[in-house]
Amino acid sequence: MSMAAPAEKKTMTATNTFSGYITRNDLAGHCKNPHALAWIEKCIDLCKPDKLFWCNGSAAERQSLFEQGCKDGTFIKLNQQKLPGCYFHRSNSNDVARTEHLTFICTPSDDLVGPTNNWMSDKEAYARLRGLYDGCMKGRTMFIVPFVMGPIGSPLAKVGIELTDSLYVTVSMSIMTRMGDVAWKQLGDDDEFTRCLHSVGDVNPDRRYICHFPLDNTIWSFGSGYGGNALLGKKCLALRIASYLGRQQGWMAEHMLLLCATSPKGQKTYVAAAFPSACGKTNFAMLIPPGKYADQGWKITTLGDDIAWMWVDKESGRLRAINPEAGYFGVVPGTNYTSNPNAMESMKKDTIYTNVGLVTLPDGTYDVWWEGKDGEVPQRCTDWQGREWTPQIAKETGAKAAHPNSRFTAPMANNPVLDESADDPAGVPVSAIIFGGRRSKGVPLIYQAFNWMHGVYLGFTLGSETTAAATGAVGVVRRDPMAMLPFIGYNIRDYLVHWSRMRKGMKDCPRIFHVNWFRKDENGKFLWPGFGENMRVLKWIIDRCHGGAYAVETPIGWMPRPGDIDLEGLSVTREQFEKMQAVTPEEMKAEIIGQEELFLKLAGDLPKEMIFQRELLIARL
């Protein structure tokens, strides 16, 4: 591997398995790492919590925290016969999605941040947030949450410590990360850990900041309890901070799912795919092959549904990847046994449901409901804001029982199709990278880049219609480079150069593709059935990676002929397939014009390779 194994200087041998409330005098006995201890002490002085809770990551600890949360109103226990180990959580109504406009990269110079991020001087950010943190945990408990992103022992595994006053965040981190004593073992006496400080504050949007300090390997989040803003191991560390670390250390942190397709002959093909939030990442990662393919022996297994860390193996020259997370934080509305059976199975136990509808059962216990769920629509429930909801109210007002960005948080171990290599510290070799967005017109179902740099251009110019996963207008086409626009932790100019440089170490680079499951006809109906039927497109991708499928050259890339995609058993005709693949010169020109804003935004910072690729495309047209 190109990444060296962690240095053998981890001298900690004793493991403190204590869990629970401690006094400040107990800290030195629990925290053997002098760097972590000094930092925790400083944060205690700043935030002034009444109590301290030391987390060890055990199942018993998680259960005790759930019970505590049920007493203080953080959680509501669901019917344990129907949903064992499952709980309901409701966030503040002004705190239901990532707040990108309040997310900052904080450095001495704005050139380190670039035009696609919100910049704040690191000195200003520290000063502003210290004022907010000062005494913010009076009357509250500070939970000390050590965690690891990545399989234990992986050369890319990163340790973080989150200090938070949120019980919801603490329990969620125990699901989403490898949390507890394992982090201290991984860290040893090193100073290389991400310092994560979080407080919900008073959940006031006017005092809400999600600040990243890449030069200090530090994250400070104040005023939000929403997952993407508060579970600091997720987007904040695993993408924004990790992308910066990756550039410094020669690897990549990307907003990508990871899956494995096993052919009837047993050949395994690992695929990474980047889709903007709420554009089908979890569905694709947990794809179930249609009956025909399942009967043939095709299997899809999941390594990750959201984030991939990738590096070049020096021996083979192949790109390898791990999923740094240990759980799923998926969008619930529209998820059912038709759209994503494996997600439904994954959330049947030990899951937190956030901002869905809450149904009171005849025995006084609770169940959950959301728009698109299987079964009958409840005649009455409590909506995500705690108000009464009925089908009649929905008909009259359009009110939803579940927020469009309501979530489930489930351990990846629950996934019935979890890949056997999901926890392998050596990672898996990546054969294909897929970019895709939500586009109702003008973008074909599937095509392949001519080469790596053309693929980087496809990823850079990726456009998608916005969804409820982020605050702002819905349905507007937004350019989202590599589906990473909200998550690149440094200047996008340097990010694109880093993508180019990664190719130099590869002897056999992954093939790059672009998909669009969401194209519609003139009546607003989807042309492609999607969900499990995406296996038909995936098989062509896999065959292309192994030299087993034909394609024709077009101005925008390599495309399958109508006969190259298996349409047997679908209601899609050959003519309809040709329609969803067709791109007129006028549509392509409109697409290029639509990219203009992105190019102008970068202006002189744009790497010349992207300019050349754009000129080549125009010339081909």
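**Briefing on a predicted model**

Thr116 is buried, because its relative accessible area is 13%, which falls under the 20% cut-off for that label.

**The surroundings of Thr116**

- Thr116 is placed in the loop that runs between strand E5 (103-107) and strand E6 (118-121).
- When its neighbours within four places in sequence are left aside, Thr116 is in contact with Leu485, Ile492, Lys601 and Leu602.
- One of these contacts, Ile492, also belongs to the residues of H14 that take part in the contact with H13.

**The packing of H13 and H14**

- Two packed helices are described by the angle between their axes and by the distance between those axes.
- Helix H13 (residues 452-460) packs with helix H14 (residues 492-504) at an angle of about 150°, and their axes are 10 Å apart.
- Angles over 145 degrees count as roughly antiparallel, and H13 and H14 are therefore roughly antiparallel to each other.
- The crossing in which H13 passes H14 is right-handed.
- On the side of H13, the contact is made by Trp452, Met453, Val456 and Phe460, while H14 contributes Ile492, Leu496, Trp499, Ser500 and Arg503.

**Aromatic pairs and a cluster**

- A search of the whole structure finds 28 aromatic pairs.
- Among them is the pair of Trp54 and Trp184, which is stacked, with 5.4 Å from centre to centre and 10° between the planes.
- Trp54 lies in strand E2 (residues 51-54) and Trp184 in helix H6 (residues 181-187), so this pair ties together parts that are 130 residues apart in sequence.
- Trp54 is buried, with a relative accessible area of 0%, and Trp184 is buried too, with a relative accessible area of 5%.
- Tyr353 and Trp370 also form a stacked aromatic pair, with 6.0 Å from centre to centre and 20° between the planes.
- Because Tyr353 lies in strand E20 (residues 352-354) and Trp370 in the loop between strand E22 (366-369) and strand E23 (381-382), the pair ties together parts that are 17 residues apart in sequence.
- Tyr353 counts as buried at 2% relative accessibility, and Trp370 counts as buried at 1%.
- One aromatic cluster is formed by Tyr126, Tyr133, Phe213, Trp220 and Phe222.

Definitions and conventions:
Residues are numbered from 1 along each chain as its sequence is written. This is a predicted model: local features need pLDDT of at least 70, side-chain atom pairs count only at pLDDT 80 or more; totals for chains, interfaces and linings use all residues. Side-chain values use heavy atoms; hydrogens and water are left out. Axes are lines fitted to C-alpha atoms, for helices over the stretch in contact, and angles run from 0 to 180 degrees between N-to-C directions. Helices (H or I, at least four residues) and strands (E, at least two) are DSSP runs, numbered from the N terminus. Angles under 35 degrees count as roughly parallel, over 145 as roughly antiparallel, 65 to 115 as roughly perpendicular and the rest as oblique. A crossing is left-handed if the near helix is turned anticlockwise from the far one by less than a right angle, and right-handed if clockwise. Contact means heavy atoms within 4.5 Å. Rings of Phe, Tyr and Trp (its six-membered ring) pair if their centres lie within 6.5 Å; planes under 30 degrees apart count as stacked, over 60 as edge-to-face and the rest as tilted. Buried means under 20% relative accessible area, exposed over 50%, partly exposed in between (1.4 Å probe, protein chains only).
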